[in-house]
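Please read this briefing with the sequence and the model side by side.

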Amino acid sequence: MAAGPRNIVFVGAPGSGKGTQAVKIEERFGLRQLSTGDILRQAVKDQTPLGVEAKGYMNAGKLVPDALMLGLIEDQLTKPAYAKGVVLDGFPRTMLQAEALDALLSKLGWSISAVIVLDVPDEVLAERITGRRSCPQCGNVHHVKFSPPKVAGVCDRCGAALVQRPDDTEEKVRVRQAAFHSQTQEIIPYYEKKGIVHHVDGLLAPDEVFARVENVLGRPG
Ligand code: AP5
C-alpha cells in the first residue's frame with residue numbers, strides 16, 4: 001500500500017455508482033469523500049465565481065474546463081479534512097487532470113492507493129440517472145426503484161428533502177456518457193500502467209458492489 005494516507009479514486013460513467021460507493025467507504029473506512037460534482041453544485045447554488053463559470057457546462061452535460069477543476073482540487077486537497085485520506089468521486093476526468101493530481105499528491109508526499117473502475121454498460125445508465133434522487137445536504141443518493149428512501153422524498157441519512165439534478169435528463173445523460181467515452185476513459189490505461197487499477201462489476205446490487213470494493217481495499221486502518 002502507498003505511503004501516507006489512503007487515497008482512493010473512483011472512475012466510472014455517469015450513474016455507474018461512484019457517489020453511492022464513496023459514501024459507503026467514507027462510513028466504513030473513515031476516509032473523506034471528495035465529490036467534485038457536489039462541490040460544483042454547491043458553488044452554483046452559492047453563485048460563487050467558480051459556480052457562475054461552471055453552471056453552463058454542467059447544465060449542458062459537458063465537462064467543466066480543466067483550468068477551473070485544477071484550482072478547485074488544489075484548494076480542497078490541502079484542507080486538513082482530507083489528511084486521513086480521500087475518496088475522489090468524479091476527479092480526475094481527463095488526462096490533464098490525472099497528471100495534475102499525481103503532481104499535487106507528490107507535492108504533499110502522498111500517492112494513490114487504488115483506482116476502482118466501476119464497469120456498467122451504457123444501456124442501464126439512463127434508468128439509474130433519471131430515477132436518482134440526491135441529497136443536497138449530505139451528498140447521499142437514493143433511487144426511486146433501486147434504493148428508495150424509507151420516507152418518500154426524504155434523505156435516509158440526514159432527513160433533508162431529496163432533489164432531482166437539472167442534468168439528470170435522458171438528453172443530458174447522452175452528452176455526459178459521450179464525455180466519459182471521449183475524455184475520461186483514457187485515464188484507465190494510464191493508471192493500469194501503474195498497476196493500481198481494480199475493475200468492479202457495477203451492475204451488481206449496491207451492497208454487493210461494496211463487498212467487492214471492500215475486498216480490494218482490505219481492512220480499514
Ligand atoms: P458528477 O456529479 O460527478 O456526475 P457524474 O460523473 O455524471 O456521476 P453521477 O453523479 O451522475 O453518477 P455516480 O457514478 O456518482 O452514480 P450514483 O452513485 O449517483 O458531475 C456532474 C457534472 O459536474 C459533470 O457533468 C461536469 O459538468 C462537472 N464535473 C464534475 N467533476 C468534474 C471534473 N473532474 N472535470 C470536469 N467537470 C466535472 O448512482 C446513480 C443512481 O443509480 C442513484 O440513484 C443510485 O441510487 C443508483 N445506483 C447506484 N448504484 C447502483 C447499483 N449498483 N444498482 C442499482 N442502482 C444503483
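The buried residues of α5 are covered by elements including β1 (6-12), α4 (66-77), β3 (85-89), α7 (170-184) and α8 (187-192). The model is predicted, so local features need pLDDT of at least 70 and side-chain atom pairs count only at pLDDT 80 or more, while totals for chains, interfaces and linings use all residues. Residues are numbered from 1 along each chain as its sequence is written, and side-chain values use heavy atoms, with hydrogens and water left out. Helices (H or I, at least four residues) and strands (E, at least two) are DSSP runs, numbered from the N terminus.

- Helix α5 covers residues 95-108, which is 14 residues. From first C-alpha to last, α5 reaches 20 Å, close to the 20 Å expected at 1.5 Å a residue; the expected span is 1.5 Å times one less than the number of residues.
- Met95, Gln97, Ala98, Leu101, Asp102, Leu104 and Leu105 are the buried residues of α5. Buried means under 20% relative accessible area, exposed over 50%, and partly exposed in between (1.4 Å probe, protein chains only).

**Helix pairs**

Axes are lines fitted to C-alpha atoms, for helices over the stretch in contact, and angles run from 0 to 180 degrees between N-to-C directions. Angles under 35 degrees count as roughly parallel, over 145 as roughly antiparallel, 65 to 115 as roughly perpendicular and the rest as oblique. Contact means heavy atoms within 4.5 Å.

- Helix α6 (residues 122-130) packs with α7 at an angle of about 130°, and their axes are 10 Å apart. That makes α6 oblique to α7.
- In this pair, Asp122, Leu125, Ala126, Ile129 and Thr130 of α6 meet Glu170, Val173, Arg176, Gln177 and His181 of α7. The contact of α6 with α7 has four nonpolar, three polar and three charged residues. Ala, Val, Leu, Ile, Met, Phe, Trp, Tyr, Cys and Pro count as nonpolar, Asp, Glu, Lys and Arg as charged, and the others, Gly among them, as polar.
- Helix α1 (residues 18-29) and helix α9 (residues 206-217) have axes that come within 10 Å and cross at roughly 55°. α1 and α9 are therefore oblique to each other.
- Among the residues making the contact of α1 with α9 are Ile25 and Phe29 of α1 and Phe210 and Val213 of α9. By class, this contact divides into seven nonpolar, two polar and four charged residues.
- The axes of α2 and α4 cross at roughly 100° and come within 11 Å. The two helices are therefore roughly perpendicular to each other.
- Thr36, Ile39 and Leu40 of α2 meet Met69, Leu72, Ile73 and Gln76 of α4. That contact has five nonpolar, two polar and no charged residues.

- Thr36 is in helix α2 (residues 36-46) and is buried, with a relative accessible area of 1%.
- Leaving out residues up to four places away in sequence, Thr36 touches Met69, Leu72, Ile73, Asp89, Gly90, Phe91 and Arg93.
- The peptide bond from Phe91 to Pro92 is cis, with omega near 0°. Pro92 lies in the loop between β3 and α5.
- Gln47 is in the loop between α2 and α3 (49-60). Gln47 has a positive phi of about 55° although it is not a glycine, and is exposed, with a relative accessible area of 64%.
- Most residues other than glycine have a negative phi, and most peptide bonds are trans.
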